[in-house]
Amino acid sequence: MGKADFLSPKAISNRIKSKGLQKLRWYCQMCQKQCRDENGFKCHCMSESHQRQLLLASENPTKFMDYFSDEFKSDFLELLRRRFGTKRVHNNIVYNEYISDREHVHMNSTQWETLTDFTKWLGREGFCKVDETPKGWYIQYIDRDPETIRRQEEQARKKRQELDDEERSAKFIEEQVRRGQDGKETDETPVYTELKRESEEEKVAFKLGASSSTASSSKSSSALAASALKAAPSAKRKETSSSSDSRGEKKKKSALEEIMEMEDKKKKQSERTDYWLQPNIVVKVVTKRLGEKYHKKKAVVTEVRDKYTAVVKMVDSGDKLKLDQNHVETVIPAPGKQVLILNGPYRDTEAVLEGIDEKNFCATLTLDSGPQKGKRVDIAYEDFSKLA
């Protein structure tokens, strides 16, 4: 019986039946032929093409098995990397998604007999992290891409730098607190004086506290005079005590202000912002939407709106443009030029560019303003730009 035509009912019926996955036992990996039933698979095994493929495989069986194993491993890892990334996932979930493709390489044609053996092999070879649980085997893809490794090392280096800055800030705060306590102890050292009474009618008054005791006497000549004299020294004592308390409070306030400033700096250091635009800096236009006239051209930021939008003036033509911060990038000047730090613990600080470390994607700057003027720090490329 001849083969049915393409648009005949028989041919359409055959195509409908052949859609989707079929039984695995009726699939021939060597010929990549899927049969619908046992009779079809039997006819295929007796065919001349299948016999020819078996002869080829018998000459070098390891060659074909290695080829199918390599294809299975590559497709499986590619699906795991693209679909799940570096997340921990059950191996059976990945396998079910893999075999949903009708043209996949079957495991019975590879060197692994079961999915568990293949999972253990992935762990031994270092392709994935595998662990066994009561629910089965779980795998986690290990991304060894050089760009990913470089990005992770850069993030770890920035984290170490931020931790070092936090430790220095904590030591500075402790030093300020210690100095404030030493000054307080020096100011509040008690002074002992001898109490003397010049006459029997004189009254000696003293006050217990941080301020020095003051004595006043009044002679009781009359009721009005005595009350007046009694009120005068009491007012003097209040004035003296209030002045001493104000001095102590002023000293305490100055120490607290220093501590608060350091806390603000610490908070500012630990929190990086996703916006970095500042006026009077030089940037480079990187978007191609404006045409080649402005692409890769330098401009000066004249105004910043809503933290993420900048009004820039082109250096060459003098045209004014309104751009988002994603459409521009920072400019690294020559060594010795003035720059402005745009992000991180030294934000809004002017500095002088000393040198560039191309290996670590950062530059060495000497702070030119602020309380830490003269300090040398390493700042990433994207965190500073040339001053106009």
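This is a predicted model: local features need pLDDT of at least 70, side-chain atom pairs count only at pLDDT 80 or more; totals for chains, interfaces and linings use all residues.
Let me begin with the aromatic side chains, where the count comes to 13 pairs. Phenylalanine 72 and phenylalanine 76 have ring centres 6.1 Å apart and planes at 25°, and because planes under 30 degrees apart count as stacked, this pair is stacked. These two residues are four apart in helix H4, residues 61–84, which means that about one helical turn separates them. Phenylalanine 72 is buried at 0% relative accessible area, and phenylalanine 76 is buried as well, at 1%. A further stacked pair is formed by phenylalanine 118 and tryptophan 121, at 6.4 Å centre to centre and with 15° between the planes; both lie in helix H6, residues 115–125, three residues apart, and both are buried. Ring pairs join Phe72, Phe76, Phe118 and Trp121 into a cluster that also includes Tyr98, Trp112 and Phe127.

Turning to charges over rings, the charged end of arginine 83 sits over phenylalanine 84, 4.7 Å from the ring centre, while arginine 88 lies over the face of tyrosine 138, at 4.2 Å from the ring centre.

As for the cysteines, the structure holds zero disulfides; cysteine 43 is partly exposed at 47% relative accessibility, whereas cysteine 128 is buried at 3%.

How values were computed
Residues are numbered from 1 along each chain as its sequence is written. Side-chain values use heavy atoms; hydrogens and water are left out. A disulfide is a pair of cysteine sulfur atoms within 2.5 Å. Buried means under 20% relative accessible area, exposed over 50%, partly exposed in between (1.4 Å probe, protein chains only). Rings of Phe, Tyr and Trp (its six-membered ring) pair if their centres lie within 6.5 Å; planes under 30 degrees apart count as stacked, over 60 as edge-to-face and the rest as tilted. A charge sits over a ring if NZ of Lys or CZ of Arg is within 6 Å of the ring centre and within 35 degrees of the ring normal.
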